[in-house]
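Walk through the contacts one pair at a time.

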Amino acid sequence: MPEGEEDVQRVCYTKATWFNHHSRQQGVGSVPSPCDDSGNTSPSAGSHRILLVEDNPDVADSTAMLLKLFGHEVLLASDGEQGVATAMQERPTAILLDIGLPKMNGYEVCRAIRAAGLADIPIIAVTGYNRAEDRQKSVEAGFNQHMPKPVDMDELVRLLSGFPGKQ
């Protein structure tokens, strides 16, 4: 078993158990979890091939790990130019895009991807820039959604489930 995988499975199992237990107590039923009852990760219906464009390696790695726990495939790019090139070559089903990137900022990357004819790919701004004018710039650049950091993973998973996944 790769280093750290046992810890991830233990946390996953604990989270699934806690959520399911507490949601039943409140009469809600079972809350979806990225894990099956044994603590193993299970692919979600409508899983995505996600391009994550993030220049902070710690944020990129932890976000990618969590997305994989929810059954998504993750491609990584660490700057704007690499993000555009990867989107063009790999044609992901969704893109999570930071705004404050080296070489090209996220607004420029989004515009370039849209101009290249990839209008059908959902692009979500995942950023520390969260003022009203930042959100407006996201809309103008062609983003489908704007999420502030730190990302609420439950919200992100719900959002991704509303977009068509990989075939």
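At what angle do helix H3 and helix H4 pack, and how far apart are their axes? This is a predicted model. In it, H3 spans residues 80–90 and H4 spans residues 106–115. The two pack at an angle of about 20 degrees, and their axes lie 9 Å apart. Angles under 35 degrees count as roughly parallel, so H3 is roughly parallel to H4. The crossing of H3 and H4 is right-handed.

Now zoom in on the side of H3 that meets H4. Gly80, Val84 and Ala87 make the contact from H3. Val109, Ala112 and Ile113 make it from H4. By class, the contact of H3 with H4 has 5 nonpolar residues and 1 polar residue. No charged residue takes part in it.

Next, follow H4 to its contact with helix H5, residues 132–141. The axes of H4 and H5 come within 9 Å and cross at roughly 20 degrees. H4 and H5 are therefore roughly parallel to each other. Their crossing is right-handed.

Which residues make this contact? H4 supplies Tyr107, Cys110, Arg111 and Arg114. H5 supplies Asp134, Lys137, Ser138 and Ala141. What classes do they fall into? The contact of H4 with H5 divides into 3 nonpolar, 1 polar and 4 charged residues.

H3 with H4 has no charged residues, whereas H4 with H5 has 4. The crossing is right-handed for H3 and H4, and also right-handed for H4 and H5.

Technical notes:
Residues numbered from 1 in each chain as written. Predicted model: local features only at pLDDT ≥ 70, side-chain atom pairs only at ≥ 80, totals over all residues. Heavy atoms only, no water. Axes fitted to C-alpha atoms, helices over the stretch in contact; angles between N-to-C directions. Helix = DSSP H or I, 4+ residues; strand = E, 2+ residues; numbered from the N terminus. Parallel < 35°, antiparallel > 145°, perpendicular 65-115°, else oblique. Left-handed = near helix turned anticlockwise from the far one by under 90°. Contact = heavy atoms within 4.5 Å. Nonpolar A, V, L, I, M, F, W, Y, C, P; charged D, E, K, R; others polar.
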